[in-house]
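Subject: Structure handover

Hello,

Here is the structure you asked for. Please open it next to this email and follow along.

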Amino acid sequence: MDAVRDAYATAEPLRIGGRGTWLRAGHPVQATRILDVSGLSGITEYVPGDLTLTASAGTTLAEIADATAAHGQWLSIDPFGDPHGTLGATLATASAGPVGGRVGLPRDVTVGVSYVSGTGDVIHGGGRVVKNVAGFDLVRLAVGAWGTLGVITSATVRLRARPEADQTFALALPSERDALGTLLSTIRAASVEPLAAELLSRTCAQRIGLGDRAVMLVRLAGNAIGVHHQAATLARLAVCEEVAPGTWIRLQQSDPEGGAVVRVSRRPSELSRLWLAATATPGIDAHGSLYRGVVRLRLPSSIAPLRNFDAGDRQVVETMPEEWRDRSAPPAPNDVLSRRLRDAFDPARVLNRGILGRESA
Amino acid sequence: MLQKRAETFVYTADGLPGYRKQPSLVVIPGSREEVVAVVRLLAAQNVPWVPRGAGTGLSGGALADNAVLLGLHRLRRIIDIDAENQTATVEPGVVNALLSRATAPFGLHYAPDPSSQAACTIGGNVAENAGGPHCLKYGVTLNHVLALTVVLPDGTVTSLGSADGEVAGYDLVGTFVGSEGCFGVALDATVRLTRNPEAVRTLLADFMSIDAAAQAVSAIVATGIVPAALEMMDRATIVAVEASIYAAGYPVDAAAVLLIEVDGLAVGIEPDVATINEICLQHGARMVRVARDDAERARLWQGRKKAFGAMGRIAPHLFVQDAVVPRTKLPAVMAEIGRIAEVYGVNVCNVFHAGDGNLHPCVAYSSEEAPRVHEAMRLIMKLCVDAGGSVTGEHGIGLDKLEYMPLIFPDDTLAAMCKLRDVFDPDRRANPGKVVPMRSCREWSGLPATRQPAVTA
């Protein structure tokens, strides 16, 4: 709080940093120093019977995974990226993983968040209970704001109990337009309720040891009998084989060093078109969510593959080397509400200035 | 437009008894263009106003004290149903249950199901971030709204969020949902639809103590099964329901019953039913009954959904309270609520969403009992806050709970809420005096709510 107050008083711009796993993320930040919050670490409250956990912002996802696994529970965000990334950074960047389309978007699992605004005020949004509509929503305000409305110091998240059975299957993914479209709509309409369904390009599948072909991973969870029957249903729809449960962790943690990561998205029914546009580039490393309609491209050497998408396809940059960018970053969201939010919660623009796009002090 | 006292009388109250406020004028636009025109006129004339859907709210949120009341219930068009992407775009006045009826031919429904779903509107649900029994599995309104077109109190029309790809930047949809009419009016909402479950099983388990029922709730949740709904009713509620036309066959000598529903794929549902059955028996249930058919299922649910109506027979007024506690605190909190009821001599009926710890202590009372009831309710709220809970899980703050806000939020947080309100409504004319206590807004000295409307009919 004092550090932010000082920065506010002297208008000294800060880059918020935890374990540093997200320092390349977003747009270029103008800052004279890093505000290190990695010292704010540790689980402060965990009552397994309540399925909620409160932890300081610098607590890593790996620590939370260990603590909750001991009680047969988990934090269902499971984002793509480094497992030593922090809870604070995960929520600030609204990072999602393969189960995001079903149960794990940060906005949906965060029940409370404390943060220090750009003027040094301490804000406690939400609470510790899973259902709460008291007052205006200061939680959704902070989640996904990339730290530009406040430095997250701690958060309370809801957990899930691990299901009795949890199995993952790999289906061969056709590359031909009609066959792909048919398969995607068949799975969507089928009598299965996957926890996650993710398309992997050939290069992406190779990278995590799934062989030399494009696949769709389908994760089935629930009681053993239900999972068994759903697996049988899947097997009737496509050739599929079971893969190790650790496949998901390998996928999450397989982002290459360097290069860019960009997400391209449209409504879910557009996914087969997006996927074909992505995989038109030979050797592309990409994966896409069946239920969210998001394709995530990992681009080690060039952003040229982005040219294959339509102008209306939405692109969100996770990371990109500075030298690849156009000289001028796109402007930060400039609608009247976003501008006023920034003015209200960080008037001197001392927090992560520029991370959402170009802006002046 | 309505101005005569006799005409505006119906708009002087919502679902919460004990409060009546007289709007200066009631305007009920017939189209989105008319809503925008009215909001702009009110902005130009600097007049405070209050939006209203069906008036089923339970926190006094839609009461207009000498302000203009803007009724949105005539905007009831379903603009689009996109079955493939499982979304619908609707006007704010569309009735919750009618949306699910309209999407039924596609095998889809709108999941949030407040008890008032036969009357309440999607616009009101968005304003209140409404819940309902099935939110345990499917989430509350917040989790189902993808995009909104809103008119801000200054008359600006803007779109928030998107159902067609990710939007970079702030979660403006999440910020708007639950803003209780203080941030503007939703002109349309694009909401997520949910596939109708292939199979549904509803169980009724009866217990000889509330404590045992509460322990069973925790044990069920701990298995990893996410029931579609997990509701508790205590003996007072059971007796009220069974004495009414909504009698559902609940055992009147039980201390508490659990109404548990699981849904999903047909394969795999029976093992979940068996597990829940076993857990209830292990925790002392006398009997677990599984509804044999849709008719029995509907009857079991009717008792729950109409419980508030059944309590209406007991006394002229009914106060439906709303609070949340961590699930593990349920047994202790329920015992203490019983003690408070005894000390104050009030008849508390408990019917609530036990799966997520969302309590609804209800008190049926006569006018002369009002001060006593209010005091007992205040203690119950304090009890829930001290247990680490919240003062509202789904009904909102409105007018009724303003006094409780400082119990759960420190001054700086309340001031931040005021700042957030100023982002959407710097003139503070939309639903003035609600949600955040005035004194929390340090800079709010001249109260806009005291200004007189300048519009004449």
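Along the principal axes, the C-alpha atoms of chain A fill a box of roughly 65 × 50 × 35 Å.

Two notes on reading this model. It is predicted, so local features need pLDDT of at least 70 and side-chain atom pairs count only at pLDDT 80 or more, while totals for chains, interfaces and linings use all residues. Residues are numbered from 1 along each chain as its sequence is written, and chains are lettered from A and ligands numbered from 1 in the order in which they are written.

Now chain A. Its secondary structure comes to 11 helices and 17 strands. These are DSSP runs numbered from the N terminus: helices are H or I with at least four residues, strands are E with at least two. Buried residues make up 53% of the 361 residues. Buried means 20 or more other C-beta atoms within 10 Å of the residue's own; 12 or fewer is exposed, in between is partly exposed, and C-beta atoms are placed from the backbone. Take contacts in chain A between residues at least 6 apart in sequence: 69% of them join residues at least 24 apart. A contact needs C-beta atoms, placed from the backbone, within 7 Å.

Next, the strands. Strands of a sheet pair through backbone hydrogen bonds, either parallel or antiparallel. Here, a pair needs at least two DSSP bridges. One open sheet of chain A has five strands in the order E3-E4-E8-E6-E7, with antiparallel pairing. Its edge strands are E3 (43-47) and E7 (122-126) of chain A, and each pairs on one side only. Inside this order, E4 (residues 52-56) and E8 (residues 151-158) of chain A are joined by five bridges. A:Thr54 stands opposite A:Thr156 there.

Look at E10 too. E10 (residues 165-172) and E12 (residues 215-222) of chain A pair antiparallel over eight bridges. E10(A) is also joined to E13 (residues 240-243) of chain A, by four antiparallel bridges. In E13(A) the partner is A:Glu242.

Two residues have a positive phi without being glycine. A:Ala94 has about 50°, and B:Glu180 has about 55°. A:Ala94 is in the loop between H3 (87-92) and H4 of chain A. A:Ala94 counts as buried because it has 22 C-beta neighbours inside 10 Å. B:Glu180 is in the loop between H6 (172-176) and E9 (185-192) of chain B. B:Glu180 counts as buried because it has 25 such neighbours inside 10 Å.

Last, the contact between the chains. It takes 61 residues from chain A and 69 residues from chain B. On the chain A side, the largest share, seven residues, comes from H11(A). By class, that side has 26 nonpolar, 17 polar and 18 charged residues. Ala, Val, Leu, Ile, Met, Phe, Trp, Tyr, Cys and Pro count as nonpolar; Asp, Glu, Lys and Arg as charged; the others, Gly among them, as polar.

Best wishes

Definitions and conventions: Contact = placed C-beta atoms within 7 Å.
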